[in-house]
Amino acid sequence: ESRYIGISMASMLQAWCMGIPILIVVWNNPQAKFFVEIAIIFVTTMAFLMFIFIPKMFAVHKSHLDFKEVNNRMMASNSVTGIREQRQMIISENDPAAQKI
């Protein structure tokens, strides 16, 4: 997680390093100045939010898919034929006469 925080801080620095010179150039035009200020704030905020929350959402989604896969395997092994096969294996492991057959 600290890697993503570092990347988001670097992207903020990059947005400010690119935005401040542009802001100085358009200082006399109030509309352009306002647009550049809003763009810097938007880019900074979105970079921070995306680098912090998107990896977490992917991790939660991946763990949810893994849970579904485990659940499906358990359901398949607990089916009637699966239970019969498990019983047969247990009986054959414990009964020496059944192993010879």
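**Elements, surface and ring contacts**

From the N terminus on, the elements of the chain run α-α-α-α. The model is a predicted one.

Me: How many helices and how many strands does the chain have?
Reply: The order of elements from the N terminus is α-α-α-α. The count for the chain is therefore 0 strands, with helices numbering 4.

Me: What length does helix 1 reach from its first C-alpha to its last?
Reply: Helix 1 covers residues 2–25, which is 24 residues. At 1.5 Å a residue, 34 Å is expected. The span in the model is close to that, at 35 Å.

Me: Which residues of helix 1 are buried?
Reply: Buried residues make up 13% of the 101 residues in the chain. A residue counts as buried under 20% relative accessible area. In helix 1 the buried residues are Ser-8, Ser-11, Met-12, Ala-15, Gly-19 and Leu-23.

Me: Is Leu-49 buried, partly exposed or exposed?
Reply: Leu-49 lies in helix 2, residues 30–77. Leu-49 also belongs to a nonpolar surface patch of about 940 Å², whose members include Phe-48 and Phe-53. Its relative accessible area is 36%. Buried means under 20% and exposed over 50%, so Leu-49 is partly exposed.

Me: Which residue lies over the face of Trp-27?
Reply: A search of the whole structure finds 0 aromatic pairs. Charges do sit over rings: the charged end of Arg-3 is 4.8 Å from the centre of the ring of Tyr-4. Over the face of Trp-27, at 4.0 Å from the ring centre, lies Lys-33.

Conventions. Residues numbered from 1 in each chain as written. Predicted model: local features only at pLDDT ≥ 70, side-chain atom pairs only at ≥ 80, totals over all residues. Heavy atoms only, no water. Helix = DSSP H or I, 4+ residues; strand = E, 2+ residues; numbered from the N terminus. Expected span 1.5 Å × (residues − 1). Buried < 20%, exposed > 50% of the residue type's maximum accessible area, 1.4 Å probe, protein only. Patch = residues over 30% accessible without salt bridge, like charges linked within 9 Å, V, L, I, M, F, W, Y side chains within 5 Å. Areas by Shrake-Rupley, 256 points an atom, 1.4 Å probe, with all protein chains shown as cover. Salt bridge = Lys/Arg side-chain N within 4 Å of Asp/Glu carboxyl O. Phe/Tyr/Trp six-rings, centres within 6.5 Å; stacked < 30°, edge-to-face > 60°. Lys NZ or Arg CZ within 6 Å of the ring centre and 35° of its normal.
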